[in-house]
Each structure stands twice: as C-alpha cells, then as structure tokens.
Amino acid sequence: MKARDLMDLAARNLREALLRNSLTTLGIGVGVASLVAMLSLGVGLQNLATERLSRSGLFNAIFVTPRTSFDNFGGRAERPSPPEAAAQPLDEDARHKLAALPNVDDVYPDIRFPTEIRYAGNPYPTVVAGVAPSTRNDGAFEDMKGAFFSGPSADEAILQIEFARRLSPQQPDSLLGQEIVLRYAERQALPPDSAGDKAAGAAGFSIVPREKRLRIVGVVETEPGAIGGVGRGRLLIPLEVAETLRAAQTNDLRDLLRDTPSKRTYESLTVRVKGASQVKGVEETIKQLGFAAFSLLDASRNLSVVFAVFDLLLGIFGSLALVVASLGIVNTLVMAILERRREIGVLKALGAADRDVRRLFFTEAAVMGLLGGISGVLLGWLIERAINFATSVYLSRQQLPAIKVAAVPWWMVVVAIAFSIAVSLAAGIYPASRAARLDPVEALRYE
Amino acid sequence: MTSANIGNPGNGRIAIRTDHLARHYQMGSTLVHAVNDVTLSIPAGEFVALLGSSGSGKSTLLNLMAGLDRPSSGAIFAHERNLAEMSSDELAKHRGHTIGIVFQAFNLLPRMTLEENVELPLRLAEVERNERTARVREAAERVRLTARLTHRPGELSGGEQQRAALARALVNRPTILLADEPTGNLDSATGDEIMLLLREINETLGMTIIMVTHERHRAERFAHRLILMGDGKILSDGGRA
C-alpha cells in the first residue's frame, strides 16, 4: 500500500475510536511535556551559567601571576619549576612580553584597592577596580544604565548596582551625572638614602592620603572579568586613571622587601585573548615563559560535563512518563486488534500482505506519537513559560533581576517529537506484529 | 469491463486444479479432516457450485482456493501456479489480483462509503489514484449501484450491500470469483438478483465462478457444475441434474 493511502487509512482508523485514541495521544503528550519541561530546566540553567560566565568576560581571559605566589596559593607545597623556565617577576617587562604574544588582544594589570568614597557628605567604604578599555564590549556592560567611560583617562566612575543602592537606595539610577570624592592612599617612592639604609641598597615609599573627584557615568550589574567574592570591584574607574593614582595595593609590602623595591611589580595581569579557542595555546606559552597562568576554560569544561549528567538524569526522569504513556499505546492498539479483527481478515482477503497490516498499525502508532509529540512540546513549552514567569515573580519580590531558568531551544522541539514517534513505534511493535500474524480465516470468522 | 480485461478465460485452460488436496487441523484431541484427498479440476470460465451440509469442507476448500489457508498436504494450482509453494506475500498478491471474494456476511467496512469500500482492493494493489475512480465506477455500473456510491453500508439493504461486495470483488479484474454463501443472508428475491448478476458476470466476462452454497435449487438453476462434498471428500461431481 502506498504511504498516502496508509496515512489515510490510519487517520480514518484513529478517528473511529476518537475518545480512546485522543486519551492515549494525550498520555503521550503529557509524557513528552514532562520530558521537555525537565530538559528545558537543565538547558535553561546551563544557558544561565554559561551566559553569566560569558558576560563576565572570563572565557577569553587568562589570569597571570608570578609563579611563586601562585604555587603557594591555598597553602599548597611548592611545586618544582620546570628546568627550562625559571620563575619570572611580573613587572612592566613581563607585561610587554605578554602583550607581544600572538592572539593576545590586551594585557592589563589587576588594579584594585579598598578605599572610601564620599557622597552627599557621607563616607562609604568600597573596593575600587581599574577597568581596561578592551572590556567595553563585554556582556557585563550590555545592560548598563548610563554609558561607558568617555575616554581612557576620563575622571569618571561606573558603580556596581548593589553599591549604587547603598548610595541611593530608592533610585540608584539618579546617581548618573552626580559627583563623588574618591579618597585613597597614594604610594610615593622614597630615595634610598632617605630610607636610612643606603648600604643595604634598600629603598622605601611613603603613603600619602589623596582625593579625586569622579563623575558617575554608569551603573552596572557586575564587574566584568571578576570572579567575585570580597575583592570584587564596586566602583569602576578607567584603568589608566587607576594606574596614575598609584594607589597603595596589597603587594606593595612585598615589593618593599625585594632587592629592587623601586621596580614595581604586579600582583596579577589579565591577558585577554582574541577568542576562547586560543586560550589554551596562549596559556601554555605563558607558563613556558615562567609565569603561573589560570583560565576558566577548564572550569567551564567541567561545568559542561556536570550539566550533561544533569540533563541526562532529568531526561531519564522525564522519559519515565513517556514510557508509561507508551504502555497506553500498546493497550490501545491491542484493543484495536480485537475490535478490528474481522476488518484485518477482510483486508487480507482483499490482497493485503502481512507487512501492509503491520505498516498500518505502525502508522497509527506513529501518528499518535507525532500528535502526542506536538501537543507535548506545546504543553512543555507552556510549562517552561510558567516556570520562568513564577521565577521572575519570586525574584522580583526579592528585588532581584529576572532570569530565565528554563529554555526550550529548537533542537529540543525536534528531538522531543522524534523521540515521541520513536517510542510510539517501539510500543507499536508488539501490536503490529500480532495484527500481521492474524490468520485471515480465523479473523473472518470473528463476530 | 470486457472479457479482455480479465485474462483469457474459457479457452480450455484450467483455472483451479487440486491434487490429493488435504487440510487437517487439530481440535482438542481430535484430528479433523476438513478437506480430505480432494482432486478436481475447474476449467476457466466455468460456474461451479460447491454443495454440502455444514462441516462438509466446502468453505475450507474455498479458503484454500483463495489462498487464505494453506493445505496440510497435496497441491492446489491457480492458473498452474501451486499455491502451496507460495510465500505469504505471493499469496497476498494472488488474493489481490487473481481472486475476487464475496462473503455471506458481505464484510463491507461500515465506516467507509461504498465507493471507498470498492476502492479498497485498488489501494492495496497500489493502483494509481486517477485510475481508481474510473475502475470503481466501472465495477459499480456492472452491479448497477452507481447511485449509492456515497452511502455507507448501514444505509443500504442486504441486496445492495452484497452487490457492493460483488463490485469490490470485481474491481481488480480477477480471473476467478469465489463466493461463500453469497445469498445466505438474503431473502429469496434478492438472492435471485445476486445469482442473476453472478451468471451475467460469468457469461459476459467469462469469469470462473466457484460458489459455496447449501441451496441446491439455486445451484442447479445457475451453475454449470455441481460438486457435492461430505466429510471433506467429493461425493459427486457433475453437471446440473
């Protein structure tokens, strides 16, 4: 029998027991909806995590530190350095060397220091961070209120939203255009003789309190490129401005103990690579130059594995409902065989081969799977919308920005419908074979 | 429909031939010999009536000729092709192309219109859609049922339903028509109408007709040859009395 005739007959048969077949199809729909809803949650959460990481600009960034400090990080035992690459100081020379590496877009120091600002006569302790111009295109600035710095040396500031709320709890956006006074400790180098220990060749620096007026130009949700925690910058200023401030930082005390204290070193440098795919290669090169390097690429890979397992588990739980629904198909089709026994006999008497009868039942199962799959995807999509709506309502009550925790991408629509048809066909194997094997003489005798 | 459409019947060729044909089946501890060592030959174009009481084996023999059942032993040939050696698919083709079957209970599919019922064998035989309409109309005209094509079986009388079943049996232009008690569910007058139609088909198309019946008077009136069966065997085989 031709496919079109097969479809026509199958549709006619399904219409015949409309209520029963509709309920079976609805059962498949609910199964598919459960699968789609579960997977949408897994995909949504994965998207959320990936998006947050991408927006932070961490994926194409490598964090470089002097090897010794990195090796001792977290109290680990010092690892032996490779013989071909001795540990190098992270100074201005190193910065130029790293900037000259292929596929490197920008190299900038991580300048951040705890300080205090004054606004409307009140002091507010905070952490200042220098922002490189190359971070301007990071996702973190996409939803920014206001504008990015007008120039690399502009006396402007961008506030992190939580800090802005501290300054103006009711209307943080009203801070745009306002002035704040930044109070900070400037490091001023002293000549060696003034340190009183010329013989030892040591030098020192003094700390001088300074003030700088800054105009607020933007309010941003999070600092780009920051991993988070207590060191996260709440007040962002152009990197060039941050460097000219020569504000005292935590590694200044260490510099003081060096043989050449006048030669300033960086606590860490951020190397921005052209694309995430080049991160691994550049990271290896940096390590070979004698620095410690760390990127979030490995962490993101682990994250992908975790989410793959998470999706698998959600998929398995979601599929359970579909498996139960598939038993409904078996039941419906077996009932159909009993009811249409004589009809099967007539079809065989009129020239239907066993495979025609088998294909007819398979087609009926597939049609139920297709319709169930489509209705299930629709229902699953509605559940996804409901989850996102409920989450948004909850978050807005907590005064937090809305996020999308569930997502139904196009591939999931296609996969869910295909899976529904496949499960329905699998469920149709037994009834279809049983119908095909019916003895026509016995079937024609059936009353 | 012309005789040219249904092959070349009535030219001395054999339509159906059996050779020591037997069909046994187990019923509990008893082995039933439904058809027992039957040897016969039916020339193309003949109108044969298989007579006998219930359980005589006539319907089983008809099912074997239709390829709906397989023999336990012996051979059965349709146009010299041994049905006993055919695969399941080949038997399906035999039923779809060589044989047309009419049942006592009509066996029309109730949810389809007459047109769709008659068209069903054409769908199974994968006849092109545009050719089907003409073939259905041709078969309906043959049984004089064109006015009722859009009706469903439940809206028709018994005689009309059997005529529709006859049109369905003819639509694939078979060479052999098998009829299992075609008048069994009809009143006398309507039964006669059907028998007249069968004779007309036999005479005008030269189609071989093998009809199972227990109505001897009708068999004697319309068939060329009467085969009487009992206990699975042929008790007598001859022309009209």
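Predicted model: local features only at pLDDT ≥ 70, side-chain atom pairs only at ≥ 80, totals over all residues.
E126(B) sits in the loop that links helix 3 to helix 4 (129-142) of chain B. Phi of E126(B) is near 60°. That is a positive value in a residue other than glycine. Is E126(B) buried or exposed? E126(B) is exposed, because 12 other C-beta atoms lie within 10 Å and the cut-off for exposed is 12 or fewer.

F106(B) also has a positive phi without being glycine, with a value near 65°. F106(B) belongs to the loop between strand 6 (99-102) and helix 3 of chain B. Its surroundings can be counted. F106(B) has 22 other C-beta atoms within 10 Å, so with a threshold of 20 or more it is buried.

**Helix 3 against helix 5 in chain B**

Two packed helices are described by the angle between their axes and the distance between the axes. Helix 3 (residues 114-124) of chain B and helix 5 (residues 158-170) of chain B have axes that come within 7 Å. These axes cross at roughly 30°. Helix 3 of chain B is therefore roughly parallel to helix 5 of chain B, since angles under 35 degrees count as such. The crossing of helix 3 of chain B past helix 5 of chain B is right-handed.

Which residues make the contact? Helix 3 of chain B brings L114(B), N117(B), V118(B), L120(B) and P121(B). Helix 5 of chain B answers with A164(B), A167(B) and R168(B). By class, this contact of helix 3 with helix 5 of chain B holds 6 nonpolar residues, 1 polar residue and 1 charged residue.

**Chain B against chain A**

Across the interface, 20 residues of chain B are in contact with 16 residues of chain A. On the side of chain B that touches chain A, helix 1 (58-66), helix 2 (88-98) and helix 3 of chain B each supply at least two residues. Which helix of chain B gives the most to this side? Helix 2 of chain B does, with 6 residues. The residues on this side of chain B divide into 9 nonpolar, 4 polar and 7 charged.

**The two chains**

The table sets out the make-up of each chain.

**Confidence in chain A**

Chain A has a mean pLDDT of 82. Of its residues, 84% reach 70 or more. Where in chain A is confidence lowest, and where is it highest? The lowest mean, 57, falls in helix 3 (residues 67-71) of chain A. The highest, 93, belongs to helix 11 (residues 354-397) of chain A. Over residues 69-81 of chain A the pLDDT is below 50. Beyond near neighbours in sequence, that stretch of chain A has 10 contacts in the model.

Note on methods:
Residues numbered from 1 in each chain as written. Chains lettered and ligands numbered in written order. Axes fitted to C-alpha atoms, helices over the stretch in contact; angles between N-to-C directions. Helix = DSSP H or I, 4+ residues; strand = E, 2+ residues; numbered from the N terminus. Parallel < 35°, antiparallel > 145°, perpendicular 65-115°, else oblique. Left-handed = near helix turned anticlockwise from the far one by under 90°. Contact = placed C-beta atoms within 7 Å. Nonpolar A, V, L, I, M, F, W, Y, C, P; charged D, E, K, R; others polar. pLDDT = per-residue confidence, 0-100.
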